[in-house]
Amino acid sequence: GARPGDQLWVSGTLGDAGLALRRLFAGEEPEPEMRVRLERPTPRVALGLGLRALATAMIDVSDGLAADLGHLLAASGVAAEVSLAELPLSPPVARALGEGAGADWALALASGDDYELCFSAPPEASDAIRALGERLDCPLTPIGLVIPGAGARWQRPEGGWLTLGRCGHDHFSEPS
């Protein structure tokens, strides 16, 4: 149901569980709030129910934003432009990403297990969406725009476009 002109939104923050897992695999102890995001994610059920009358399309972000947004776009027959500068990141994830052209965007876009919601909605629903987020104490962030076409384009904060390879969790791929 996503349509050109709709805004793209995401709940919560991205990459926290992926950062915790990365640290655990490296033999390090992740920040407590990152570990909680990995081991006890908060399902956004109330948010999903509240968005039924506002969103044109919605998907949970369990396999990484890039993969799950791709599913939403393919099912809707549209494309999207996403501003990487607008992605909601916790301070530990922002630090881990790095800066400039060397930023490790895979952490925020493809690590998975965020269990947030990504959704599209018409711009005139923005006030109601923000009010819903405040009522539920759930941060909601507009990250881009639905456009005609296919697939997602990822605009870098410093300009230009990020090229992504295979993104997100694939249940049928060989472990990497």
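**Helix packing, sheet and salt bridges**

Q: What covers the buried residues of helix 2?
A: The cover includes helix 1 (16–25), helix 5 (91–97) and strand 4 (116–121). Contact here means heavy atoms within 4.5 Å. Buried is under 20% relative accessible area, exposed is over 50%, and partly exposed lies in between (1.4 Å probe, protein chains only). Helices (H or I, at least four residues) and strands (E, at least two) are DSSP runs, numbered from the N terminus.

Q: What kind of model is this?
A: A predicted model: local features need pLDDT of at least 70 and side-chain atom pairs count only at pLDDT 80 or more, while totals for chains, interfaces and linings use all residues. Residues are numbered from 1 along each chain as its sequence is written, and side-chain values use heavy atoms, with hydrogens and water left out.

Q: Back to helix 2. Which residues are buried?
A: Met34, Arg37 and Leu38. They span an arc of only 100 degrees around the axis, so they sit on the same side of helix 2. The arc is taken from the directions from the helix axis to the C-beta atoms.

Q: Arg37 is charged. What is it linked to in the network of salt bridges?
A: Arg37 belongs to a network with Asp16, Arg44 and Glu116. A salt bridge puts a side-chain nitrogen of Lys or Arg within 4 Å of a carboxyl oxygen of Asp or Glu.

Q: How many salt bridges does the structure hold?
A: The structure holds 10. One of them joins arginine 35 and glutamate 39 at 2.8 Å, N to O.

Q: Where do arginine 35 and glutamate 39 sit relative to each other?
A: They are four residues apart in helix 2 (residues 32–39), which means a separation of about one helical turn. Arginine 35 is partly exposed at 25%. Glutamate 39 is also partly exposed, at 48%.

Q: Which salt bridge links distant parts of the chain?
A: Glutamate 81 and arginine 153 form one, with the closest N and O atoms 3.6 Å apart. Glutamate 81 is in strand 3 (residues 79–83) and arginine 153 in strand 6 (residues 151–155), 72 residues apart. Both are partly exposed, glutamate 81 at 30% and arginine 153 at 38%.

Q: New topic. In what order do the strands of the sheet run?
A: Seven strands form an open sheet in the order 2-4-1-5-3-6-7, with mixed pairing. Strand 2 (57–61) and strand 7 (161–162) stand at the edges with a single partner strand each, so one side of each has no neighbour in the sheet. Strands pair if DSSP finds at least two bridges between them.

Q: Which helix packs on the sheet and touches strand 2?
A: Helix 4 (residues 65–76). Among the strands it touches are strand 1, strand 2 and strand 3, and its direction makes about 155 degrees with that of strand 2. Axes are lines fitted to C-alpha atoms, for helices over the stretch in contact, and angles run from 0 to 180 degrees between N-to-C directions.

Q: And what does helix 7 lie across?
A: Helix 7 (residues 126–135) lies across strand 1, strand 4 and strand 5, at about 0 degrees to strand 1.

Q: Is strand 1 covered or exposed?
A: Mostly covered: five of its five residues are buried. Gln7, Trp9 and Ser11 point one way, Leu8 and Val10 the other.

Q: How does strand 1 pair with strand 4?
A: Strand 1 (residues 7–11) pairs with strand 4 in the antiparallel sense over four bridges. Valine 10 has cysteine 118 as its bridge partner, and tryptophan 9 stands opposite phenylalanine 119.

Q: And with strand 5?
A: Strand 1 and strand 5 are antiparallel too, over five bridges. Glutamine 7 stands opposite leucine 145 there.
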